[in-house]
Amino acid sequence: MRTFCEEAEDFRGYIAKWVDERLVPQAEALDEAGGFARELTRELGDLGYFGTMYPVEAGGSGLENPNLCFAILCEELARGSVGFAAGVCMQGSTATHTLYEWGNDMMRETYFAPALRGEKIAAYAITEPNAGSDAASIATRATKVDGGWRLNGSKIFTSNGTVADFITVVATTDPERGGRALEMFVVDTGWDGFRVGRKLDKFSVRCSDTAELAFDDLFVPDDHMLASEQGGGFRNAYRALTVDRIFTAALAVGNARAAYVAALRYAQERSQFGQPIGKFQAIEFRLVDIYARVQTAALHTYAAAQMADRGEDITVSAALAKLVAGNEGNAACNEAMSIFGGYGLMQEYPAQRYLRDSHFPMIGGGTPDIMHKIIAKQLRH
Ligand SMILES: Cc1cc2nc3c(=O)[nH]c(=O)nc-3n(C[C@H](O)[C@H](O)[C@H](O)COP(=O)(O)OP(=O)(O)OC[C@H]3O[C@@H](n4cnc5c(N)ncnc54)[C@H](O)[C@@H]3O)c2cc1C
């Protein structure tokens with residue numbers, strides 16, 4: 001699927017080559033080991049890919065279509081490994097975007113710039129054990145003290161959480177005031193009071209690092225609070241998550257594309273009843289259905305990314321892209337797996353990994369129900 005944007009297609013050419021040479025050969029081993037791929041992350045940093053979203057003045061790539069190119073980056077990496085791509089997506093988008101938009105010079109120098117070079121790992125933590133879809137009800141408390149804030153609470157499902165050097169943490173300054181009291185703080189993971197509760201083992205995106213975190217009376221200096229008008233932290237956190245939906249959709253596109261290519265190849269290689277199974281119309285039609293799902297997912301994703309690049313309101317298009325790409329990607333991987341018959345269930349074939357990984361883009365950044373909720377609210381106006 002092409003984007004009809006020369007810059008994005010040139011960009012795709014470079015990253016696709018890296019994915020084929022460096023990521024694809026390691027993808028199975030990474031999934032099996034379930035660990036963070038630090039070396040590959042560093043390599044991408046050296047190549048400048050974490051700067052895709054940002055202008056040259058900020059140390060970024062200065063692309064004309066940053067959102068579309070970042071979506072292509074996520075798609076191509078996900079074609080190799082959604083788990084690896086999810087960590088890159090967090091580092092190159094949400095966790096750095098917040099600092100770029102609302103950070104001060106110290107934050108940009110100490111955290112943002114090294115993250116763009118891949119020298120520091122970034123994470124973003126809003127979800128808590130008792131606050132997922134209902135993000136405004138988070139309980140991690142920021143209490144004002146002399147010269148800063150004391151943070152107490154815990155987070156769950158934080159991507160890059162066990163390996164992060166810094167984490168943008170969303171906390172409430174007054175639990176009585178819901179979303180209006182949320183603020184964002186940059187937490188250096190070397191500080192006293194920060195603790196990784198545990199690394200979480202997963203069925204999907206196994207090589208993306210996922211953690212439970214704890215903050216025990218952790219002191220955050222005033223200059224580590226991200227700028228916001230009083231209580232505007234939630235609006236900012238929400239804005240960061242909105243654009244991110246496009247990139248999560250792109251993960252679904254890349255993964256489904258890989259599943260399609262693998263199923264097509266298998267259908268040509270596997271023979272039953274004296275002919276390749278791809279010659280049976282049932283299989284051929286199923287491959288067309290998978291292809292249609294991939295194209296549908298890609299079209300929604302590229303359209304939303306291009307709207308973001310034009311500075312248009314993406315509330316609906318980003319949620320729609322994630323909803324459509326997540327669901328279509330999952331259905332595509334399910335159908336792709338059926339083409340492998342019994343071999344699809346075997347670890348030595350990638351079909352099961354594509355299906356397992358296809359669940360992540362549906363959940364990360366908000367479930368399909370929440371995407372429906374966001375779109376329904378906008379359509380009511
Ligand atoms: C691998 C992974 C990585 C993640 N990375 C991060 C990260 O880096 N940082 C971070 O902050 N979070 C992260 N998340 C969290 C993710 O955003 C949440 O899991 C997601 O928003 C859903 O929240 P929940 O899991 O608490 O589910 P819940 O909110 O408890 O939802 C459970 C079910 O109820 C449904 N539901 C809930 N509310 C409604 C409603 N109003 N209407 C209809 N249905 C509803 C949901 O759709 C779902 O089916 C990650 C999650 C995963 C799995």
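The model is predicted.

**Entry 1, helix α1**

I checked the length of helix α1, residues 6-23, first. With 18 residues at 1.5 Å a residue, helix α1 should span 26 Å. I find its end C-alpha atoms 24 Å apart, which agrees.

Next I looked up which residues of α1 are buried. The list is Ala8, Glu9, Phe11, Arg12, Ile15, Ala16, Trp18, Val19 and Leu23. I note that Glu9 and Arg12 are on that list. I then asked what covers the buried residues of α1. The cover includes α2 (27-33), α3 (38-46), α4 (66-80) and α5 (82-92).

I searched the whole structure for aromatic pairs and got 15. I wrote out two of them.

Tyr54 and Phe112 make an edge-to-face pair, with 4.9 Å centre to centre and 80° between the planes. Tyr54 is in the loop between α3 and α4, while Phe112 is in helix α7 (residues 105-116), so this pair ties together parts that are 58 residues apart in sequence. I checked burial for this pair: both Tyr54 and Phe112 are buried.

Tyr260 and Tyr291 make a tilted pair, with 5.5 Å centre to centre and 50° between the planes. Because Tyr260 lies in helix α8 and Tyr291 in helix α9, the pair ties together parts that are 31 residues apart in sequence. Are Tyr260 and Tyr291 buried or partly exposed? Tyr260 has a relative accessible area of 19%, and the cut-off for buried is under 20%, so Tyr260 is buried. Tyr291 is at 41% relative accessibility and therefore counts as partly exposed.

I also logged a cluster: ring pairs link Tyr266, Phe340, Tyr343 and Tyr349.

I looked at the ring of Tyr238 and found the charged end of Arg245 sitting over it. The distance to the ring centre is 5.6 Å.

I counted 19 residues surrounding the ligand. The closest are Thr127, Ser133, Phe157, Thr367 and Asp369.

In the side chain of Thr127, an N or O atom is 2.7 Å from a nitrogen atom of the ligand. Ser133 has a polar side-chain atom 2.6 Å from an oxygen atom of the ligand.

Methods:
Residues are numbered from 1 along each chain as its sequence is written. This is a predicted model: local features need pLDDT of at least 70, side-chain atom pairs count only at pLDDT 80 or more; totals for chains, interfaces and linings use all residues. Side-chain values use heavy atoms; hydrogens and water are left out. Helices (H or I, at least four residues) and strands (E, at least two) are DSSP runs, numbered from the N terminus. The expected span of a helix is 1.5 Å times one less than its number of residues. Buried means under 20% relative accessible area, exposed over 50%, partly exposed in between (1.4 Å probe, protein chains only). Contact means heavy atoms within 4.5 Å. Rings of Phe, Tyr and Trp (its six-membered ring) pair if their centres lie within 6.5 Å; planes under 30 degrees apart count as stacked, over 60 as edge-to-face and the rest as tilted. A charge sits over a ring if NZ of Lys or CZ of Arg is within 6 Å of the ring centre and within 35 degrees of the ring normal. A residue is near a molecule or strand if one of its heavy atoms lies within 4 Å of it. A polar contact is a pair of N or O atoms within 3.5 Å; within protein, one must be able to donate a hydrogen and the other to accept it, and residues adjacent in sequence count only if both atoms are side-chain atoms.
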